[in-house]
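Thanks for coming. I have one structure to go through today, so let me put it up.

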Amino acid sequence: MSNEPANSSMSPMVTRLDGDAPEIQVSLDILKRGGYVAPVIIAVCAVFAGMDGAISALYGIAIVLVNFLFAAGLVAFTARISLGLMMGAVLFGYLVRLGLIFLAVILVRDASWISLTALGLTIIVTHLGLLVWEMRFVAASLAFPGLKPRK
Amino acid sequence: MEAIAALAALTGDEAKAASAAGSAGFAYGLAAIGPGIGIGYLVGKSVEAMARQPEAAGMVRTTMFLGIAFTEALALIGFVVFILIGL
């Protein structure tokens with residue numbers, strides 16, 4: 001079996017993907033689910049770290065959701081131009097998004113309302129929790145496309 | 001050279017705090033390398049798959065996006081360790 005593309009016109013540098021952008025749908029689902037879990041996470045942080053923890057948790061959730069939307073927007077926008085551009089945008093977008101998260105935290109690190117422990121734990125728990133929740137739905141959709149699993 | 005001299009002039013708690021901040025920043029940098037390699041490999045293979053089989057692009061893009069986000073979680077964990085220790 002050859003590793004060469006079957007058709008040279010299907011090179012990644014010139015192939016573009018028109019039509020629906022599934023990442024946008026995935027990130028909007030994650031956004032919706034983030035709205036569901038946000039009160040719970042904020043309440044837990046409020047119990048353990050008070051009002052500062054609640055505000056920090058809200059800030060952390062916002063960082064995670066904006067990060068998802070930004071990543072999805074970048075992939076969806078560049079996939080319409082070229083797959084090669086999409087790859088570059090994902091790699092440099094990774095650096096840019098890490099830098100933006102770093103900036104978002106550095107800007108508020110000395111604020112009176114910040115609780116860095118609550119903020120950090122919220123970022124990890126929200127990011128991983130929402131991903132696992134979404135993956136469960138996506139995996140079921142891909143495995144049994146006709147069944148339309150409940151969200 | 002001035003920065004090294006300034007670090008050498010630190011004593012006690014200041015030196016400890018500077019060391020912690022420097023180590024945390026170094027750890028964050030190291031923690032970002034692995035996910036960077038992982039995302040590059042993941043997206044490269046996904047692009048290859050989409051170029052070979054454009055009709056499966058929707059499925060590939062969905063799993064690629066989730067894979068990117070999962071891989072990025074490793075960098076976020078490194079970042080959280082950085083903000084908890086270094087800031």
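Let me start with chain B: among its contacts between residues at least 6 apart in sequence, 75% join residues at least 24 apart. Two residues are in contact if their C-beta atoms, placed from the backbone, lie within 7 Å.

A note on the source: this is a predicted model, where local features need pLDDT of at least 70, side-chain atom pairs count only at pLDDT 80 or more, and totals for chains, interfaces and linings use all residues. Residues are numbered from 1 along each chain as its sequence is written, and chains are lettered from A and ligands numbered from 1 in the order in which they are written.

Chain B has three helices and zero strands; these are DSSP runs, H or I of at least four residues for helices and E of at least two for strands, numbered from the N terminus. The C-alpha atoms of chain B fill a box of roughly 65 × 25 × 10 Å along the principal axes.

Last, the interface: 36 residues of chain A are in contact with 32 residues of chain B. On the chain A side, α3(A) gives the largest share, twelve residues.
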